[in-house]
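Trainee: I have just opened this structure and would like to learn how to read it. Could you walk me through a few features, one at a time?

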Amino acid sequence: MAIDTLIRWYWVQILACISNILKMGSHQRKVKLNQVKANWTPELHEIFVDLCLEQISIGNRPGTSFNKDGWVNILNSFHTRTGLGYEKVQLKNHLDVTKKHWTTWHQLVSTDTMKWNPETRRFGASEEEWVEYLEANPDAAQYRFKELLFADKLDIIFGVAAGSGGTVRPLRRRRHNYCTTLTQPSTRPKKHHNYLTEREAPTHFSKYQDDSMNTGFHAVEPVSAIPDSNIERCYDAVESRSFMTIQSPLPKPSYSIEDCIKCLDSIEELEQGGELYLFALDIFLKQEYREIFLNLKKSSTRIAWLERLQTVGPQFPSHSES
């Protein structure tokens, strides 16, 4: 009887485990069914890019990643503006993919031999130079005849982020390509159908040209020469913050007693342990004397100043003065 009871108990435990596994699988399937599949059209992509710029401009990306408040604001604003229930992980994945595209593009236009002209938005590289570059960087083939869509804005997002590590800075600023605001969706008709915009392709170059490069893309429509004020303010805020980070002022000298003693010991003409040396140690208790001593450039000037101060008589600080 004891054995039969034990066997029944084991079977109950096994069935309970199987039931829990089936419930978990059913729950995961429901979650996947409820999750909206992300379809990143150029319109949605631009909204997402503008929301990222907005969070950068108000300081919600202190380093290379958005903080918690930044992601909450991006997610909520994206839901409000699009009506789509994309989840945070989907937005993060899209940001990672976008960064990969931008990295490939940025490397391409930053290569001197490719001769990218930001004003004409054309490459000046020869066919041979293109062939050589694409052999080493095959991912750049997609940009042979089409440039990265919203490249100016992505320069701000990823250029500044990488710049915090001291390796990449945003490309030359182009003021003629901004066409939407950060707070209102664009009402201008969109004719492009991917993250690339088409440039006129030379007929003699066909090695890296395929059907995807010839169909479904259109030239970027001309836009007003006056940039959107919100985008400009965003660029200025990010650029200013990045410049201040990189061009931080030099630390103020401490004028410590330790620094003064090191400087004093370096004067060969001064006998260590002598009357003037010990006098100098006494006056180093006063901040003003330490500043004067360290700011004097020549050893002879420092000695002359110490001798004069020894003759005149210094005013020593009280015990409460540092």
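Trainee: Let's begin with burial. Which residues in H4 are buried?

Mentor: Buried means under 20% relative accessible area, exposed means over 50%, and partly exposed lies in between, using a 1.4 Å probe and protein chains only. In H4, the buried residues are Gln-90, Leu-91, His-94, Leu-95, Thr-98, Trp-102, Thr-104, Trp-105, His-106, Leu-108 and Val-109. Helices (H or I, at least four residues) and strands (E, at least two) are DSSP runs, numbered from the N terminus. This is a predicted model, where local features need pLDDT of at least 70 and side-chain atom pairs count only at pLDDT 80 or more, while totals for chains, interfaces and linings use all residues. Residues are numbered from 1 along each chain as its sequence is written, and side-chain values use heavy atoms, with hydrogens and water left out.

Trainee: What is the relative accessible area of Thr-104, and which residues does Thr-104 touch?

Mentor: Thr-104, which lies in helix H4, has a relative accessible area of 17%, so it is buried. Contact means heavy atoms within 4.5 Å. Leaving aside residues up to four places away in sequence, Thr-104 touches Asp-139, Ala-140 and Tyr-143.

Trainee: How do I describe two packed helices?

Mentor: You give the angle between their axes and the distance between the axes. Axes are lines fitted to C-alpha atoms, for helices over the stretch in contact, and angles run from 0 to 180 degrees between N-to-C directions. Angles under 35 degrees count as roughly parallel, over 145 as roughly antiparallel, 65 to 115 as roughly perpendicular and the rest as oblique. Take H2 (residues 42-57) and H4: their axes are 12 Å apart, at an angle of about 90°. H2 is therefore roughly perpendicular to H4.

Trainee: Which residues meet where H2 packs on H4?

Mentor: From H2 come His-45, Phe-48 and Cys-52, and these meet Leu-91, His-94, Leu-95 and Thr-98 of H4. For classes, Ala, Val, Leu, Ile, Met, Phe, Trp, Tyr, Cys and Pro count as nonpolar, Asp, Glu, Lys and Arg as charged, and the others, Gly among them, as polar. This contact has four nonpolar, three polar and no charged residues.

Trainee: At roughly what angle do H10 and H12 cross?

Mentor: The axes of H10 (residues 275-283) and H12 (residues 299-312) cross at roughly 80° and come within 10 Å. These two helices are therefore roughly perpendicular to each other. Their contact residues divide into eight nonpolar, one polar and two charged.

Trainee: Where on H12 do the buried residues fall?

Mentor: An α-helix has 3.6 residues a turn, so residues three or four places apart point the same way. In H12, Arg-302, Ile-303, Trp-305, Leu-306 and Leu-309 are buried. Down the helix axis they fall within an arc of 165°, so they line one face of H12; the arc is that of the directions from the helix axis to the C-beta atoms. Arg-308, Thr-311 and Val-312 are exposed on the other side of H12. The cover over the buried residues of H12 includes H9 (257-265), H10 and H11 (287-295).
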